[in-house]
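Please keep the sequence and the structure in view while going through the numbered paragraphs.

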Amino acid sequence: EEYDVRVRLKESQRDLKAGYGRTFVPNINDKLVKLSDVADAAPREGPATIDRQDRGRFLQLSADVAEGVGVSSVVNDMSRAFKAEIKLPPSVRCVFLGEAEKMEEMQGGTLWSVAIAVVFIYLILASLYESFITPWSVLVSLPLSLTGSFLALYLTGETMNIFTMMGLIMALGVAGKNAILLVDASNQRVQSGLGRRRAILEAGRDRLRPILMTSIALIAGTLPVAIGLTEGSKMRTGMG
């Protein structure tokens with residue numbers, strides 16, 4: 001059994017100003033000494049508690065983000081307010097912790113992941129096609145997938161989070177897969193003797209069906225995630 005036990009001084013002992021001369025405190029040897037023998041009493045105003053971090057005092061302000069508002073937008077607004085309106089003295093600095101700090105780390109990690117993925121895609125395609133130019137026809141299609149992704153996020157009012165970034169990476173993969181199908185089919189027709197324009201048109205016609213099949217299957221698979229019918233799935237709707 002565990003019980004909450006609260007201990008407090010007697011009512012006559014709670015007034016430190018009146019009982020200052022009768023107050024004892026322990027010293028380094030755990031012996032009680034009279035407080036008036038080691039300190040003088042003077043009424044002053046000061047903080048009730050002092051919090052320290054990185055060898056400096058800090059004051060933490062906490063708040064929750066309203067529904068439909070992204071953490072990054074709040075951080076940007078607060079940063080502008082501290083620079084333009086509040087104007088902190090030189091000895092005071094402002095840093096963001098909690099979700100804002102995790103969001104910044106997550107964005108940096110995601111950008112590195114995407115950059116490394118693009119580099120590896122380029123190296124694999126360069127070795128596959130034995131050309132340093134052909135892979136660029138695949139890579140230039142990757143940013144186009146982000147336009148539709150950001151448009152969908154804007155229309156649905158979703159914010160950037162870890163699940164949204166996972167969805168963006170998945171969209172990049174789908175766009176790269178479609179581009180590889182088209183480029184590979186075009187190269188095969190060019191090698192068989194067709195002109196470049198005709199080879200591209202025929203490749204687009206022949207590869208339209210598999211591209212639509214895989215894209216529709218992906219949409220059907222992510223549609224339940226995007227709708228978010230249950231409370232637990234609401235946080236993952238951005239990925240869908």
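1. Arg 189 and Glu 202 are both buried, where buried means under 20% relative accessible area, exposed means over 50%, and partly exposed lies in between (1.4 Å probe, protein chains only). For Arg 189 the relative accessible area is 16%, so this residue counts as buried.

2. A word on the basis of this note: the model is predicted, so local features need pLDDT of at least 70 and side-chain atom pairs count only at pLDDT 80 or more, while totals for chains, interfaces and linings use all residues. Residues are numbered from 1 along each chain as its sequence is written, and side-chain values use heavy atoms, with hydrogens and water left out.

3. How many salt bridges does the structure hold? There are five salt bridges, a salt bridge being a side-chain nitrogen of Lys or Arg within 4 Å of a carboxyl oxygen of Asp or Glu. One of them joins the side chains of Arg 189 and Glu 202, at 3.6 Å from N to O. Because Arg 189 lies in helix H6 (residues 162-191) and Glu 202 in helix H7 (residues 196-227), this pair ties together parts that are 13 residues apart in sequence. Helices (H or I, at least four residues) and strands (E, at least two) are DSSP runs, numbered from the N terminus.

4. Arg 189 also forms a salt bridge with Asp 206, and here the closest N and O atoms are 2.3 Å apart. Again distant parts of the chain are linked, with Asp 206 in helix H7 and Arg 189 in helix H6, 17 residues apart. Asp 206 has a relative accessibility of 30% and therefore counts as partly exposed.

5. Asp 206 has a further salt-bridge partner in Arg 205, with 3.3 Å between the closest N and O atoms. Arg 205 counts as exposed because its relative accessibility is 56%. Which residues make up the network of salt bridges? The linked residues are Arg 189, Arg 198, Glu 202, Arg 205 and Asp 206.

6. The packing of H6 against H7 deserves attention next. Their axes come within 8 Å and cross at roughly 155°; axes are lines fitted to C-alpha atoms, for helices over the stretch in contact, and angles run from 0 to 180 degrees between N-to-C directions. H6 and H7 are therefore roughly antiparallel to each other. Angles under 35 degrees count as roughly parallel, over 145 as roughly antiparallel, 65 to 115 as roughly perpendicular and the rest as oblique. The crossing of H6 and H7 is right-handed; a crossing is left-handed if the near helix is turned anticlockwise from the far one by less than a right angle, and right-handed if clockwise. The contact of H6 with H7 has 11 nonpolar, six polar and six charged residues. In this classification Ala, Val, Leu, Ile, Met, Phe, Trp, Tyr, Cys and Pro count as nonpolar, Asp, Glu, Lys and Arg as charged, and the others, Gly among them, as polar.

7. Helix H5 (residues 142-156) also packs with H6: the two axes come within 8 Å and cross at roughly 140°. H5 is therefore oblique to H6. H5 passes H6 in a right-handed crossing. Among the residues that meet are Leu 146, Phe 150 and Leu 153 in H5, and Thr 164, Leu 168 and Gly 176 in H6, contact meaning heavy atoms within 4.5 Å. The contact of H5 with H6 comprises eight nonpolar, four polar and no charged residues.

8. Neighbours within four places in sequence aside, Ser 145 is in contact with Ala 171, Leu 172 and Ala 175.

9. Asp 30 is not a glycine, although its phi is positive at about 60°. Asp 30 lies in the loop between strand S1 (24-26) and strand S2 (32-34), and a relative accessibility of 68% makes Asp 30 exposed. Arg 55, likewise a residue other than glycine, has a positive phi near 65°. The loop holding Arg 55 runs between strand S3 (52-53) and strand S4 (56-57), and Arg 55 is exposed, with a relative accessible area of 86%.

10. Finally, Ala 84 lies in helix H2 (residues 71-86). Ala 84 is exposed, its relative accessible area being 53%. The C-alpha atoms of Ala 84 and Ala 100 are separated by 20 Å, and the two residues are 16 residues apart along the chain.
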